[in-house]
Protein chains: 2
Amino acid sequence: MKKATSSEVTICGHTYDEYIEMVKAFHGHVAPGMALSGFMVDLACRNLPQGEYFDAISETRKCLPDAVQLLTPCTVGNGWLRIIDLGRFALSLFEKYTGNGVRVYVDSRKLGDWPELKGFFFRLKPKKEQDFEALMAEVRLAQASIFGLQEVMVNLDSVKTHHRGAFAVCPLCGEGYPEDDGETCLGCQGKAPYLRCEAPGSRGD
Amino acid sequence: MKKATSSEVTICGHTYDEYIEMVKAFHGHVAPGMALSGFMVDLACRNLPQGEYFDAISETRKCLPDAVQLLTPCTVGNGWLRIIDLGRFALSLFEKYTGNGVRVYVDSRKLGDWPELKGFFFRLKPKKEQDFEALMAEVRLAQASIFGLQEVMVNLDSVKTHHRGAFAVCPLCGEGYPEDDGETCLGCQGKAPYLRCEAPGSRGD
């Protein structure tokens with residue numbers, strides 16, 4: 001029951017090996033979380049409710065957003081993927097006009113048979129002590145068996161994209177910014193992550 | 001001076017047409033903001049300071065994060081791209097251990113020669129009234145001439161990734177979550193974006 005061969009395993013129409021190559025090219029390395037995420041996105045896609053246009057929510061910043069971006073049309077930059085960091089390893093795909101969707105999560109009660117996976121997921125040992133090969137083998141064999149599936153109704157207000165309001169020139173930095181943010185841009189309100197920035201005078205004035 | 005042919009324009013080693021194909025495949029459609037973003041990432045990459053490992057900051061959620069993800073090793077899911085939404089169309093690439101980096105922004109004072117681009121950037125007319133072809137032609141001709149470049153020192157504290165602390169089982173939803181978040185996970189603290197979720201009792205109990 002837990003046996004699977006390469007040809008049997010598919011992730012959103014890709015073979016497992018193809019998916020792993022996609023992960024290497026995009027994510028940079030084969031993280032166990034990316035393998036897990038591929039099966040999660042696949043399960044969600046196979047259980048979509050009626051509808052044509054689906055948006056995505058990732059409840060974590062780690063790995064899962066990249067699997068969503070690789071396997072669905074939803075990306076951070078096109079606005080169809082929202083990351084709402086609840087610290088849970090879960091995603092939802094939902095019909096964008098009704099909010100009707102599915103949620104896939106790691107069911108912690110189903111990890112008992114998979115010691116490496118359980119150790120990885122609950123961070124029971126340091127990364128250095130993990131047996132990477134054994135862990136990857138467990139992810140590959142477990143596939144979707146360790147996930148839970150829920151029907152959800154997304155609160156569309158909570159995932160609304162910001163309206164494209166008027167843009168103004170910030171009187172301090174001289175850059176364009178959403179007028180709604182105030183008299184100056186958020187960067188000049190102290191929210192920029194920089195200790196030092198080349199002086200405006202040297203910007204070509 | 002404003003003339004450019006297809007073969008002359010490159011974006012991080014790709015021809016312009018190749019980049020546009022990458023955009024279609026990943027972002028789903030050719031948004032003017034994605035064309036603009038490609039030239040911005042290219043300019044940043046050509047001006048990196050000394051160093052081996054670079055992380056990225058996008059100061060907007062729109063388009064630019066996707067160009068960073070397509071053209072650099074930095075993605076949202078691998079943690080090397082942070083989105084700090086300041087509403088400014090700008091990005092930084094910085095050496096991850098020192099914070100030393102470059103920032104590229106749209107210089108609003110340089111948009112005067114480009115009426116469609118200016119209209120697009122400052123949202124001067126509704127999308128329906130934009131001349132898409134003329135706009136794309138301007139982006140292609142303007143290339144990096146409308147950007148500013150700054151040297152920055154990133155405040156590394158502000159972009160620190162969360163530590164991988166202990167993981168616990170949430171007593172309410174039964175899912176794994178970072179213990180530091182409290183007695184229950186953030187989802188069960190009311191931060192989940194769902195109006196309705198299949199009852200825990202139906203999760204296979």
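This is a predicted model: local features need pLDDT of at least 70, side-chain atom pairs count only at pLDDT 80 or more; totals for chains, interfaces and linings use all residues.
Residues are numbered from 1 along each chain as its sequence is written, chains are lettered from A in the order in which they are written, and side-chain values use heavy atoms, leaving out hydrogens and water.

Next I looked up who takes part: 70 residues from chain A and 70 residues from chain B are in contact (heavy atoms within 4.5 Å).

Then I checked salt bridges (a side-chain nitrogen of Lys or Arg within 4 Å of a carboxyl oxygen of Asp or Glu), and the interface has two. In one of them, A:Arg103 joins B:Glu175, with the closest N and O atoms 2.8 Å apart.

Which strand of chain A gives the largest share of the side that touches chain B? I found strand β7 (residues 147-154), with six residues; strands here are DSSP runs (E, at least two residues), numbered from the N terminus.

Last, I laid chain A on chain B: a turn of 180° and a shift of 0.0 Å along the axis give an RMSD of 0.0 Å (least squares on the C-alpha atoms of residues with pLDDT of at least 70 in both). The two copies are therefore related as by a two-fold rotation axis. In chain A, A:Val76 has the C-alpha nearest the axis, 4.1 Å from it.

Methods
Helices (H or I, at least four residues) and strands (E, at least two) are DSSP runs, numbered from the N terminus.
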